[in-house]
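Hi,

Here is the structure I promised to pass on. Please have a look at it first, and then read my notes below.

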Amino acid sequence: MIRWKYLGPRLLLFGLVCAAYWFGLDPLVRRPRLLLFGLVCAAYWFGLDPLVRRSLISLGQAATGTKVELGEVRTSLLDSRVRLADLKVADPKSPMHNLFELREASVDLETRSLMNRKFVVREAAVRGLKFHTRRETPGNLDAAPGAFGFDLELDGDRVADFALDWLEHVGATLQEEIEEDFESVKLVRELIQRWPTEYEQLKSRAESLYGQVDDLRGMLQSPSPGTNPLRSIETVQRVAGQVADVQGQIGQLRSDLERLHQQLLDDRDRVQEATEHDVERIRRIAHLEALDATTLSHYLLGSETGRWTRSLLTSIRQGRKYLPKKVDTRQPVRGRGTTYVFAEPVPSPDIIVRSLVLEGEGSVDGRPYQFFGKIEGLSSQPRLLGEPIRFAARTCGSIELALQVYLDNSSDPGHDRIAIQCPRLQQPELVLGREDQLALCVAPGTASVSVVLDIVGDELSGRLQFQRDDLSMTPTLGPKLGGAELASKLEDAMRDVRKLEAAVLLSGTFEKPQWTLRTGLGEQLAAGVNRVVRQEIEAYRDQLLARLDEEVSTELASLERLVHDHQRQVLDQLQLGDRQIEEIKLQVASRIQLPKSLMGKGSPLKRLFR
Amino acid sequence: MIRQLLRPVRLVAKALAAENSPRQLALGFALGMVIGLVPKGNLIAIGLTLILFGTRVNVGAGLVAAVLFSWLGVYLDPAADDLGHWLLSDPSLHGLWTSLYNLPLTRWSGFNNTVVLGGLGLGLVLFYPAYEISRLFFARAQPPVVSWIRKYKLTRVLFGVELAANWRVG
């Protein structure tokens, strides 16, 4: 029943392949049939590589959701080795960039494990690895995965807002046109408006009296000599009566002048009271609570450290996305049907990478660096492997950085530790704070940065330490805050601040991280800022008080002068009226020819005319 | 070379008109049915194909059946999946599966996949009925089909090539 005609040649050719492997290709070349078989085998060999290449591209695109390009694949079934060349994986977030690309990757698999469908990588090496390189064609596929995002709770942001409020308050205080609102000045100006009106009324009343007196004089002078003396008596009686009335009005006018004089004194008291109120108001406005050091630290460094923290956590989160998840037990895998997993004498993960060497290069702000790294203990089921993933890398060139990652998911809860040391980080010029308010321009220099991060389960704890010993800062202030003049004073105040140490303490969960900023910079700067701002505000306050005093004094002096002038005019008119009244009285007495004794002091007629 | 190129066409013609017995045609058809029902890309499918080509059954009938049942297999997947689940989760067979699982190369056979094992089981269950039914069919249908198909020049050419190839000496 066995069809040896079909099976025989294939078995024979298989044997010949084995023989060729051991003894070389010469026997095959001498025999045309064997050569033909060799060609078939070659076709198989050449066909295998494109098949593997196509499979890897499909798998990569399914995993990343972006375009994966692979230049060349070489597989060697005899020694279970795969070599990839020119692999490019597009960045899901930026289609015109590659997430990474590599020049060459070689994977050396354990043959015996392959018999049990286990992919155990004895050694793997990746060379020419580059991150975020430019692409010539877009790398997005139809369905791009969602971008990474962080709901990061940063207490520092709230404190930084408070710092902005403080600075805005300082600006508003220094810019406030307070002299326009001085109550005392307003009151004096109001009095200056009011007093002339009052005196104009008195003056018109005085002029009216003066007119009445003139009329009385006219009445006494009008009758000719030889007229009926009885008629003269009537006229005299009438004049005498009106004189008494005019005298009464003059008396009233004098008492009004007295009242106004008293009112002037009262108004002066009111002005004094308003002045005191204004002084109190100036002192209250110029009173400013000192800027808190923590507040200033968050205002200046909050944005920068927040950016670092976000960047760091986003990178870790992105990296964790591609790391194998904790797998307690190996569950059936659902695909076309369900693939059952049965117990093994020694359970082991489906994929293990015992050693992976990485070599590559990158650039930060156009400055190139090279990196070398090694990953050990990578597996698809870390718990089955029972050992942590260990990754150590070092960079050289424009960035000197040492990275150690320890991901232990072999027990519950998993413990991940990430440590980064960067002793000499070249920093470009930095602007801390906001240039329209208070900003510090930090000159380029070298900083030391270290990060230690622990993630136990989902709990996050860690510390990001930043230190710079060659600090050179130039403050700038917005026009509302005093501009360049105040900035130069501030620069003098912070001339001694040459060192910056900042630490970001991370806590919370990995999904909802929180951070707290600790730095001495705020304390050092707050003292200088507070001193300069206080000096400025005190100078402004003194200036306001002096201006108030000057304005009130000037206005009061002009008011008093005004009142005095008007009073003098009214009094002059009243004195003139008095003299004329005396003359009228004498005329009346002479008209009725009364002896002077009757008109003398204490006489009945004198009393009559009073 | 020409022989190699014409081989697929020749196989189809041979399946229908070759001087194979109905038994060989039926066996080829039943084996092709099993191949069609089992998902490809595993050692079971490769092994079944090797049996088809390595035994004296009608390869043409087998290939036709494989293509036909590969298409039908998509609709039979749920039934194969249920059968596979039933077999793989049966406690009495657990020891057998575990032993098989731990043998070298067996994991490449995909026996632990429900559709593969269910498809294989379904194929084996249907093997004998398919063989009997197809044997009766070929016994009745073969003579008129052979006489009809031999009227065409192409068939004669194909068989001539086959004859010439078989008569080669040395």
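A term to start with: a polar contact is a pair of N or O atoms within 3.5 Å; within protein, one must be able to donate a hydrogen and the other to accept it, and residues adjacent in sequence count only if both atoms are side-chain atoms. Between chain A and chain B, 11 residue pairs are in polar contact (both at pLDDT 80 or more). On the side of chain A that touches chain B, the elements giving two or more residues are α1 (4-23), α4 (111-115) and β7 (337-339). Helices (H or I, at least four residues) and strands (E, at least two) are DSSP runs, numbered from the N terminus.

This is a predicted model, where local features need pLDDT of at least 70 and side-chain atom pairs count only at pLDDT 80 or more, while totals for chains, interfaces and linings use all residues. Residues are numbered from 1 along each chain as its sequence is written, chains are lettered from A and ligands numbered from 1 in the order in which they are written, and side-chain values use heavy atoms, with hydrogens and water left out.

Back to the two chains: 24 residues of chain A are in contact (heavy atoms within 4.5 Å) with 31 residues of chain B. There is also 1 salt bridge between them (a side-chain nitrogen of Lys or Arg within 4 Å of a carboxyl oxygen of Asp or Glu). E344(A) and R107(B) form a salt bridge through their side chains, at 3.3 Å, N to O.

Lastly, T314(A) sits in helix α8 (residues 293-322) of chain A. A polar atom of the T314(A) side chain lies 2.6 Å from the backbone oxygen of R310(A).

Enjoy exploring!
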